[in-house]
Amino acid sequence: MIHVIAFYLFAVMTVASGAITILSRNPVHSVLWLILAFFNAAGLMILVGAEFIAMLLVIVYVGAVAVLFLFVVMMLDIDFAELRAGFVRYFPFGALVAIVLLAEMVLGIGAYRAGSLTLGTPDGTAAAPAGASNIEAVGALLYSRYLFLFEAAGIILLVAMIGAIVLTHRQRGGTRGQNIDKQNRRRPDEATFNVKPEVGKGVQL
Amino acid sequence: MTSFFQSLGMTHDWAWFVSTICGILLIALPLMLSVAMIIYVDRKIWAAMALRRGPNVVGPFGLLQSFADGLKVFLQETIVPSAANKGLFLIAPVLTFSLALLAWAVIPFNSNAILADINVGLLYILAISSLGVYGTIMAGWASNSKYPFFSAMRASAQMISYEVSIGFIVICVVLWSGTFNLNGIVMAQKGHVFGIINGFVANPLLFPMWVMFLISSLAETQRAPFDLTEAESELVAGYQTEYSSMAFAAYWLGEYANVLLMCALNATLFWGGWLPPLDIPILYLVPGFIWFLLKVFFFFFVFSWVKATVPRYRYDQLMRLGWKVFLPVSLLFVVIVSGYLMATGHFA
């Protein structure tokens, strides 16, 4: 009973906040509705017993990716008139994307109803070890069967990270960096000195 | 507790539901009370270190000061700036306050006193604390005012930066205890060093991790010396500048609930949670939650002590500490700890 109530609550909230994300006029509101959609999707995942993925969804998407979205959207100076002017021009492309998405969803549901989706092989090699907790099951699979795919994903992320740093890093001349070690090593007797300059003569620094 | 409600003739589902609600109230109400008292304690410690008396007028020893403040705030007029984004402006403090309470669901107060004994407990805490950024950003943006916005930007950058190193520190603890369940982590610390000291903190490989965790938790909760978000000389009062009345009080209570949560995490992850400090049978006669509360209070004292004695960091120093010192060092320790555990066959 509680499961059913929770499912419908999360599901309705996910769909509704997803819809408001695209209907909302204010882009900051859109991002916040998107975050609510992520959060409710995580709730749905907990209901099917995938609590590890749910927590990752919240930590990675809600906690990191969406914050950056929000930063960018808040910083942008968005001109609504210009956005609406582009509507007619981009309409054919948008419609094409919508049709492709619809077709994929229909195909996916059709394939699911046909029963051709089998999660894991019959001999149990890809199935999660029975009785293990979510994290242990995911870890056992990631570091045995899917080790190379996992490492490859890691390398792709590393390359993306280095790429982002290379793209945004630029050498700026004329800036003086702070050398904390040098500052910490400085002692009063070497940092200050007493001079008695004669009248009319300056100090040689 | 579920079985008690079942004995009253409820079905299992509803008994679970009612007992969970009771559990939530059993945690949230004492927590709110202790937040009120801890604000008083904070002011008293701070005053004592500055050789002042602190609050001493309302009630005996000024004990009722926080309640008087609460009543004052409650009776104030709620002001919503006319240029503010009203919906978000009012949701933001509610969000901050409720997130500060949510994370307490997985904190073990005793061997069986835990609301949600889930096996992703630590990840849940990381998830909830990563959500905390939104209460701040929304407040800063919705206020439609420059200083709150600057402060919100600072706060969120700071929280995100220090969450990275907190994640790696937590990974070290998880590697050693082999579970994300907080009760499991507490049990793994039983007799951890020489078979007698309860707590990862006495472990030479994890001691530096605890020092970094303590400093990161100061930064994560925006306490001094990392309280740049409310640097009053630069930013008026931070992201809650435009707030008044109960909305302001919600931020205030949420902030201290978060501080207490970080103290509880310090106690749970590194100082053995509800276990007594030493693994001696006679110490187990004292109930676990007394040990837990003593540890939490000790860490709160440390937080106040730091606030009273350490000058505020500059913003670039704060970022340098997070990204150039804590991140590489904690990453190095993940490698060292996992290497040590593999070499000694900890899980073999």
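Which residues does Tyr134(B) touch, not counting residues up to four places away in sequence? That was my opening question, and I kept in mind that I was looking at a predicted model.

**Entry 1**

I listed the contacts of Tyr134(B), leaving out residues up to four places away in sequence. From chain A come Leu32(A), Ile35(A), Val62(A), Ala66(A), Val67(A) and Leu70(A). From chain B I noted Leu95(B).

Next I looked up the largest nonpolar core, which has 118 residues. Tyr134(B) is among the members that touch the most other members, along with Trp104(B), Ile107(B), Leu269(B) and Phe270(B). Helix α5 of chain B, residues 121-142, supplies the largest share of this core, with 15 residues. A general note to myself: in soluble globular proteins, nonpolar side chains tend to be buried together.

**Entry 1: Chain A as a whole**

How many helices and strands does chain A have? I found nine helices and zero strands. Reading along the sequence, I wrote the pattern down as α-α-α-α-α-α-α-α-α.

Chain A has 205 residues, and 19% of them are buried. Its accessible surface is about 16200 Å², and carbon and sulfur atoms account for 69% of that. I also checked contacts with a separation of 6 or more in chain A: 48% of them join residues 24 or more positions apart.

**Entry 2: A nonpolar patch on the surface**

Then I turned to the outside. A nonpolar patch on the surface takes in Met1(A) and Ile5(A) from chain A. From chain B it includes Met10(B), Trp14(B), Trp16(B), Phe17(B), Ile21(B), Leu25(B) and Leu29(B). Together these residues have about 870 Å² of accessible area.

Which helix gives the most to the patch? It's helix α2 of chain B, residues 12-49, with six residues.

Last, I went through the backbone angles. Leu51(B) has phi near 55°, a positive value in a residue other than glycine. Phe61(B) also has phi near 55°, again positive and again not in a glycine.

Where do they lie? Leu51(B) is in the loop between α2 and α3 (65-75) of chain B, and Phe61(B) lies in the loop between α2 and α3 of chain B too.

Buried or exposed, I asked of Leu51(B)? Leu51(B) is exposed, because its relative accessible area is 79%. Phe61(B) is exposed as well, at 65%.

Technical notes: Residues are numbered from 1 along each chain as its sequence is written. Chains are lettered from A and ligands numbered from 1 in the order in which they are written. This is a predicted model: local features need pLDDT of at least 70, side-chain atom pairs count only at pLDDT 80 or more; totals for chains, interfaces and linings use all residues. Side-chain values use heavy atoms; hydrogens and water are left out. Patches are made of residues with over 30% relative accessible area and no salt bridge: like charges are joined within 9 Å, nonpolar side chains (Val, Leu, Ile, Met, Phe, Trp, Tyr) within 5 Å. Accessible areas come from the Shrake-Rupley method with a 1.4 Å probe; for residues, only the protein chains shown count as cover. A salt bridge is a side-chain nitrogen of Lys or Arg within 4 Å of a carboxyl oxygen of Asp or Glu. Helices (H or I, at least four residues) and strands (E, at least two) are DSSP runs, numbered from the N terminus. Buried means under 20% relative accessible area, exposed over 50%, partly exposed in between (1.4 Å probe, protein chains only). Contact means heavy atoms within 4.5 Å. A nonpolar core is a set of buried Ala, Val, Leu, Ile, Met, Phe, Trp, Tyr and Cys residues joined through side-chain atoms within 4.5 Å.
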